[in-house]
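Hi,

Here is the structure I promised to send over. Have a look at it first, and then read on for what I found.

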Amino acid sequence: MQKFFFLTLLFLLPGYSTFCQDSYSLTDSGKFVSAKSAEMEWWKKTTVYQIYPRSWFDTNGDSIGDIQGIIEKLDYLKDLGYETVWVSPFTESPQRDFGYDVSNYIAISPQYGTMQDFDRLVEAVHSRNMKLVFDLVMNHTSDQHEWFKESASSRTNPKADWYVWKDGRGKHGMKRPNNWRSMSGNWAWTYCPARQQFYYHAFLPFQPDLNYHNPDVKKAMFDVARFWLAKGVDGFRLDIISAIYEDSTLRNNPPSGRLTPSDKSLTILFQHIKYNFLQEQSFEFSTELRSVIDEFKNPDRFLLGESHGDESWINGFCNYKGKKGLKAIFLFNAVSTPFKATKYRKLITKFEKYFPEPLIPTLVFSNHDRTRTMTRLGGSVEKRKLQTLFQFTARGIPFTYFGEEIGIPKVRIPLKEGRDAIAIQQSWIPQFLVDGNKETLNRDECRTPMLWTSAPNAGFCPPDVKPWLPVASNYKEINVEKQWSEPNSLLNFYKAILHLRKETPALNEGSFEIASKLCSPKILAYYREYEAKKYLVLLNMSKSKVKNPFSGGKVLLSTHPIGQDQKLLPFEGRLVEVQ
Ligand code: GLC
């Protein structure tokens, strides 16, 4: 039976959902009026680049990337035009989930370097006038964390209540406390013989959830945040913040009737995971966390949450009953939105509806958990350029997952060879069922090393070292060095749009308006405006040549060499200065 449930994971997006506060609406013209502050906060205007440190650049030849590697490649990001670097976890961890299982929050994992290296990183980022953000995994620790070891040792130790412990049901107390499933599809409870109780985990069994109903836990974690903020970190990406609270009465989750979850539905394997995710208390928690980071000013700090779900509910993380919470939340529905003008229009309209100024949407198409964007778009560079034009010109904070800018594809790695904990958990699934699935079940496939050059190992690590994961086999055609020298490469398109965005206030802080009259089933068009400057973005998201609905203006950037004014080529996008 368990296996049957896991089979359904083949069709899963790691998707979780939603709730509803319908407090914002569009004007008749479809215009979203932005109430701009005199000086817009840096994090609203910024562009973010996500580094998965293990796969970025190995300077000491141990087959994985390191902090020194991040420092050495900062100029690459600076030249491209990125302003903020988000680094996935590098604190001490047994690495069963590659850092998302923390065993010490205030120590650096020796594989990545030392605290001195980290201090040098902060300095190096700031000296380039950039910002540094990293993952804070608050929801759970590793089962190797001292807190958990102590908590699991007995029912009476000082940390006995630091995790979510419950007696089992049934005569012998061996039945799980309730029917909750975790985000990875398995049961959310694991038995601990020493306590003769179960502990709860929103993710994998080696990642026990902290109990935030306990004020000591909250205080300890807030102090962790303060530790890093005092070191100059510019903010955090909060890992599965959607899971931070569970229903304290442990109500059973209702059935969902849905086999296939999506980015929109909070469903795992026929279960609506209603009581262990997206509790309203998590919103309140966000406002408390906001007060902690607001203790640190000059510059003010960023707080970004990871949550799946519908925009109409998850905006509660940012604005809870009129109180400020997180500064932004990932809006993952973009990841699985079909590449169609009508769908993108609907998406962005919804983003604007639920995240109007002073809130800000996020624009994200992939990360270290999801299929590579290039693969999702069928390997089409044209589509990737068009998507990038959208991502950097619509209103929101754009995120680039490392390698997206050169189009690293998903690298097929059979489940049985997987090093990813999810792949290991599901390694019994026959490979032929996995192949062909849109979403990856083995997250190694989207974590393969950065492709720097056409040298062996793509310049990621020395030639005589075997990288921790294989480099993409087409690295000689797709790498930074090569694309840097090709004017029409995807990389140079990123560079052009990043610089334009940075230098054009309308694009990074202007108001946003769908150009309804210019839109069609094939074309998405919108305006960005700031003071007297107005720009139009025209995206032909179809594979046909279409009539250009707008003539005039000055084309500042095009996905294609600028051709006829009267027509838009298949998948052509243009940024036009209107006035
Ligand atoms: C988040 C991370 C993912 C990790 C999980 C558990 O979804 O993005 O990589 O495995 O949380 O921490």
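Serine 286 is buried in this predicted model, because its relative accessibility is 0% and the cut-off for buried is under 20%. Serine 286 sits in helix α8, which covers residues 280-294. If you skip the neighbours within four places in sequence, serine 286 is in contact with Phe317, Gly325 and Leu326.

Next, alanine 341. This one belongs to helix α10, residues 341-354. Alanine 341 is buried too, with a relative accessible area of 3%. Again leaving out neighbours within four places in sequence, alanine 341 is in contact with Ser520, Pro521, Lys522, Ile523, Leu524 and Met541. Take methionine 541 from that list: 200 residues separate it from alanine 341 in sequence, yet the two are 5.5 Å apart in space, C-alpha to C-alpha.

Then there is a helix pair to look at. Helix α12 (residues 381-393) packs with helix α16 (residues 490-503) at an angle of about 15°, and their axes are 10 Å apart. Angles under 35 degrees count as roughly parallel, so α12 and α16 are roughly parallel to each other. The crossing of α12 past α16 is right-handed.

Which residues make the contact? On the α12 side they are Val381, Arg384, Lys385, Thr388, Leu389, Phe392 and Thr393; α16 brings in Leu490, Phe493, Tyr494, Ile497, Leu498 and Arg501. By type, the residues of this α12 and α16 contact come out as eight nonpolar, two polar and three charged.

Cheers

Technical notes
Residues numbered from 1 in each chain as written. Predicted model: local features only at pLDDT ≥ 70, side-chain atom pairs only at ≥ 80, totals over all residues. Heavy atoms only, no water. Helix = DSSP H or I, 4+ residues; strand = E, 2+ residues; numbered from the N terminus. Buried < 20%, exposed > 50% of the residue type's maximum accessible area, 1.4 Å probe, protein only. Contact = heavy atoms within 4.5 Å. Axes fitted to C-alpha atoms, helices over the stretch in contact; angles between N-to-C directions. Parallel < 35°, antiparallel > 145°, perpendicular 65-115°, else oblique. Left-handed = near helix turned anticlockwise from the far one by under 90°. Nonpolar A, V, L, I, M, F, W, Y, C, P; charged D, E, K, R; others polar.
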